[in-house]
Amino acid sequence: MEAKQLQPEEQLYPQHREPQSQSQSHSPAYQALLRAGPQVRPLQQVHAQIIVLRKYRNLALITKLLTLACATGSISYTRRLFLTVPNPDSFLFNSLIKGSSKFSFSNDAIFFYRRMLLANISPSNYTFTSVIKACADLSASRLGRGIHSHVLVCGYGSDSFVQAALVTFYAKTGDLGVARKLFDKMPERTVVAWNSMISAYEQNGFSKEAIGLFYQMREWGIKPDSTTFVSVLSACAQLGAIGLGCWVHDYVISNGFDVNVVLGTSFINMFSRCGNVTKAREVFDLMSEWNVIAWTAMISGYGMHGYGKEAMELFGKMRIHGPRPNNVTFVAVLSACAHAGLIQEGRCAFGSMRKEFGLVPGVEHHVCMVDMFGRAGLLNDAHAFIKELNPRELTPAIWTAMLGACKMHKNFDLGVEVAEHLLAVEPENPGHYVLLSNIYAVTGKMDRVELVRNLMIRRGLKKQVGYSTIEVDQKTYLFSMGDKSHPETNEVYRYLDKLMSRCREAGYVPAPESVMHELEEEEREYALRYHSEKLAIAFGLLKTSSSVAIRIVKNLRMCEDCHSAIKYISIVSNREIIIRDKLRFHHFNDGSCSCLDYW
């Protein structure tokens, strides 16, 4: 099949030009180009020789010169040189379009494509594959759709390489429906096409669909490659699907795949985000090379699990032996310090950004600092830090971090002030209303609670729906609060009721302030009992053996009641329970949590 697909590419040579291997490759000028390689000055010297020798009408030489010039990254030189060519042929145009697209000069790829059409030279599948990739990289939706029409007119609608490029294009421009229709209509799906569709689902947040398509790929007998696994591991990380992630790891090792820095970093992220930071570190230590992304991924993994000291130790090694830290690295470090209460270490790291590395702190770093001070109860320090920022740096995210700290440490006067400021600058965010309502409720100002709730109703705002996922036997199950859609709902609810009764006997008391305050006391307890993470835990306890840890992924921050209840569940069930919420990991074991109630 591959040989058949390459035939149109071979036909790009005009009839009057012999393939270079037969007539050009041994000429002195061509050999000089090969010696020059993708280096601007040597190429310009050879270019001068070509002019002196009056070889500038030799399209084979000029095409090679242009291709190497593009590979140097000097696209301006490439364009100037191209404009001196009197009669460029299809091979020259296609070489330029492919080179420009390959080296991320997407606008220039489109420029050469348009010049090709103006020269009345018909595009081939080779042309369309490259120019569609350029449109995808630019997210040029309207232009890409126009080129798709041209593909159909020219008769390349069933070409597998063009189809794969179109799948990627529609996926990158957000039209997954069209992408999937094209994919399903493909008569022959190469691994590239499967990868394009799997990646499209994963990058647009449809991780379950990405994994489902991966299973279908295996059923069809298509062998995955490293690119497939990078997308699948990212989907596993999003869903907390550690079973499939471990299968991929075993497959990669047993089949002799090269665990390069990209694939290795994908494993680090997957294991970290699925709750097994020890395994993530094993992967990190066995890698043959590390770039800044790999170091940052491992530091971030430690941080999200509350292992601040380990994160800082690794950061120290990176400063000595590793690549130069970047802004993302410092976000990971500062977040690790915030979650572990390492105030002095966080101050030093923040100060070193400018002094040692010349990096300018951004919004993310400021949020981490406010969060770090706030979690430690240093509200005055957090407030003072905010006051030192200029008005352009005072984003809603910074005030949100401050508001969370006020709620955590019950500084309600300051909390109300911060919340009202947030509502003024970001009135469409329902989370701010919920936090303000909770603060008013805890202080007993129920009239204010009603005002906030009514304001939300008038503005058509609703609290984000929470859900939790759990993986059992490599299948992911989703639960939402009060969810009764699962086929084993009755069994799950009965088990959860018994579980919570045992927790009550062990000392658990519901925290009714964690739910909407207009509910009656009995209704509050009902709402708390059937929060999504409790349902997922009950299902996990029912369906797994006593030696298996329960792993849950929740899309929102865990409420105080669930955090308290799960401590007791870990006692009465004698299980380790690992939950990844919106902010961090919680490892519950024998009645305590790894966050030390510091989240």
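Guide: Let us begin with a term: a residue is called buried when its relative accessible area is under 20%, exposed when that area is over 50%, and partly exposed in between. The model before you is a predicted one.

Visitor: Is Lys-567 buried or exposed?
Guide: Lys-567 is part of helix H32, which covers residues 560-572. Its relative accessible area is 18%, and the cut-off for burial is under 20%. Lys-567 therefore counts as buried.

Visitor: Which residues is Lys-567 in contact with, leaving aside its neighbours within four places in sequence?
Guide: A contact here requires heavy atoms within 4.5 Å. With the neighbours within four places in sequence set aside, the residues in contact with Lys-567 are Phe-588, Gly-591 and Asp-597.

Visitor: How much of the chain as a whole is buried?
Guide: The chain holds 32 helices and six strands, and its C-alpha trace spans about 90 × 55 × 50 Å along the principal axes. Of the contacts between residues at least 6 apart in sequence, 63% join residues at least 24 apart. Among the 599 residues of the chain, the buried share is 51%.

Visitor: Which residues does UniProt list for "repeat: PPR", and how far apart are the end C-alpha atoms of residues 291-325?
Guide: The unreviewed UniProt entry lists residues 89-123, 190-224 and 291-325 under that name. In the model, residues 190-224 are 74% helix and 0% strand, with end C-alpha atoms 10 Å apart. Residues 291-325 are 77% helix and 0% strand, and the distance between their end C-alpha atoms is 10 Å.

Visitor: How many residues of H19 are buried, and what covers them?
Guide: H19 is mostly covered, with 11 of its 13 residues buried, and among the buried ones are Val-292, Trp-295, Ile-299, Tyr-302 and Met-304. The cover over these buried residues includes helices H17 (261-273), H18 (277-286), H20 (308-321) and H21 (327-340), together with strand E5 (585-589).

Visitor: Ser-104 and Asp-473 are not glycines, so what is the phi of each?
Guide: Ser-104 lies in the loop between H7 and helix H8 (106-118) and is exposed at 56% relative accessible area. Asp-473 lies in the loop between strand E1 (467-472) and strand E2 (475-480), and with a relative accessibility of 75% Asp-473 also counts as exposed. Phi is positive at Ser-104, at about 70 degrees, and positive at Asp-473, at about 55 degrees.

Visitor: How far apart in space are Leu-83 and Gly-177?
Guide: Leu-83 sits in the loop between helix H6 (75-82) and helix H7 (90-102), and with a relative accessible area of 52% Leu-83 is exposed, the cut-off being over 50%. In sequence, Leu-83 and Gly-177 are 94 residues apart, and their C-alpha to C-alpha distance is 40 Å.

Visitor: Where does Gly-351 lie, and how far in space is Gly-351 from Pro-361?
Guide: Gly-351 lies in helix H22, residues 343-357, and counts as partly exposed at 26% relative accessibility. Gly-351 and Pro-361 are 10 residues apart in sequence, and from C-alpha to C-alpha the distance is 9.5 Å.

Definitions and conventions
Residues are numbered from 1 along each chain as its sequence is written. This is a predicted model: local features need pLDDT of at least 70, side-chain atom pairs count only at pLDDT 80 or more; totals for chains, interfaces and linings use all residues. Side-chain values use heavy atoms; hydrogens and water are left out. UniProt positions are given in the numbering used here, feature names are shortened, and annotations may be inferred rather than shown by experiment. Helices (H or I, at least four residues) and strands (E, at least two) are DSSP runs, numbered from the N terminus. Buried means under 20% relative accessible area, exposed over 50%, partly exposed in between (1.4 Å probe, protein chains only).
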